[in-house]
Amino acid sequence: MEVVWAEISQSLALTIELASVTTVILLLISVPLAWWLARSKTFASEAVATMIVLPLVLPPTALGFCVLVLLGPHGPGGVLASFWGERTLAFTFAGIVVGSVLSALPLVVQPIRNAFVAIGDLPLETTGRVPPFYAFIAITAPMARLEFIKAAVVGFSHTIGTFGVVMMIGGNIPGRTKVLSAYVVDFVQASRWREAGVVAGGMVMFAFATIFTLALIDRHCARRGTESS
């Protein structure tokens with residue numbers, strides 16, 4: 001039993017590391033992407049927005065298989081891995097990071113995009129000759145900071161609970177790619193209901209805390225909006 005819980009602790013640390021790295025990458029990608037989508041009116045922007053939303057519609061295993069092919073020896077991931085002497089990015093930590101980012105991207109991009117649309121161009125237009133990038137950093141980004149926080153919380157929590165994509169790309173290798181949610185499936189298949197209940201219960205509590213946090217943020221935003229009006 002001690003060995004099992006040691007493995008779960010190792011998997012928990014791996015899952016938190018995965019969620020943390022994924023969240024940072026998501027914010028670095030999502031903020032400029034959401035800014036472009038909010039301001040662009042071209043056909044290309046709508047095509048990109050549609051591609052971003054696809055992970056919400058595709059089954060996680062289908063998304064995982066597509067990413068697995070791209071990360072394999074004959075895909076772009078294999079070419080990239082060859083630079084440091086490897087054949088593939090599949091079944092590696094880097095591979096499950098890629099899958100986690102793609103899986104959570106629509107959940108992070110959309111609220112930030114909505115925030116930028118709501119803010120509009122007025123803050124930039126009133127800054128006169130100030131460079132647009134400075135105006136974005138000094139005015140627009142602070143106005144949308146709560147949406148950034150909410151998006152980060154959603155991206156982090158979604159990665160904590162992800163399974164299908166990571167399973168397809170990472171292969172559930174203990175200590176390398178096996179995330180915490182995989183143990184629930186393993187324990188149920190082995191009829192180890194107590195252990196499955198403990199892990200699942202912990203994830204339910206985490207999900208509750210996440211949703212409660214988002215509700216508090218929304219309440220804070222609503223109160224600030226009432227006070228400012």
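1. **Helices α2 and α5.** In this predicted model, helix α2 covers residues 43-57. The axes of α2 and α5 come within 7 Å of each other. They cross at roughly 125°. The two helices are therefore oblique to each other. Their crossing is left-handed. From α2, the contact uses Glu46, Ala49, Ile52, Val53, Pro55 and Leu56. From α5, the partners are Leu102, Ser103, Leu105, Pro106, Leu107, Val109 and Arg113. Sorted by class, the contact of α2 with α5 holds ten nonpolar residues, one polar residue and two charged residues.

2. **Helices α3 and α5.** Helix α3 spans residues 60-71, and helix α5 spans residues 93-119. Their axes come within 10 Å and cross at roughly 135°. That angle makes α3 oblique to α5. The crossing of α3 and α5 is right-handed. On the α3 side, Leu63, Val67 and Leu71 take part. On the α5 side, they meet Gly95, Val98, Gly99, Leu102 and Ser103. By class, the contact of α3 with α5 has five nonpolar residues, three polar residues and no charged ones.

3. **How to read such pairs.** Two numbers describe a pair of packed helices: the angle between the axes and the distance between them. For α2 and α5, these are roughly 125° and within 7 Å. For α3 and α5, they are roughly 135° and within 10 Å. Look also at Leu102 and Ser103 of α5. Both belong to the contact with α2. Both also belong to the contact with α3.

4. **Ser100.** Stay on helix α5, where Ser100 lies. Is Ser100 buried or exposed? Its relative accessible area is 3%, below the 20% cut-off, so Ser100 counts as buried. The side chain of Ser100 reaches the backbone oxygen of Ile96 at 2.7 Å. Leaving out residues up to four places away in sequence, Ser100 touches Leu18, Thr22, Thr159, Thr162 and Val166.

5. **Lys178.** Now go to the loop between α9 (164-170) and α10 (180-189), where Lys178 is found. Lys178 has a relative accessible area of 11%. That value is under 20%, so Lys178 is buried. What does the side chain of Lys178 make a polar contact with? The partner is the side chain of Asp186, at 2.4 Å. Setting aside residues up to four places away in sequence, Lys178 touches Ser11, Leu14, Asn172, Ile173, Tyr183 and Asp186.

6. **Helix α10.** Which residues of α10 are buried? They are Leu180, Ser181, Ala182, Tyr183, Val184 and Phe187. Tyr183 is also among the residues that Lys178 touches. After α10 comes Ser191. The phi of Ser191 is positive, near 60°.

7. **The whole protein.** Step back from single residues. The secondary structure comes to eleven helices and zero strands. The C-alpha trace spans about 65 × 45 × 30 Å along its principal axes. The protein has 229 residues, and 41% of them count as buried. Take the contacts between residues at least 6 apart in sequence. Of these, 71% join residues at least 24 apart.

Conventions. Residues numbered from 1 in each chain as written. Predicted model: local features only at pLDDT ≥ 70, side-chain atom pairs only at ≥ 80, totals over all residues. Heavy atoms only, no water. Axes fitted to C-alpha atoms, helices over the stretch in contact; angles between N-to-C directions. Helix = DSSP H or I, 4+ residues; strand = E, 2+ residues; numbered from the N terminus. Parallel < 35°, antiparallel > 145°, perpendicular 65-115°, else oblique. Left-handed = near helix turned anticlockwise from the far one by under 90°. Contact = heavy atoms within 4.5 Å. Nonpolar A, V, L, I, M, F, W, Y, C, P; charged D, E, K, R; others polar. Buried < 20%, exposed > 50% of the residue type's maximum accessible area, 1.4 Å probe, protein only. Polar contact = N/O pair within 3.5 Å; in protein donor to acceptor, adjacent residues only side chain to side chain.
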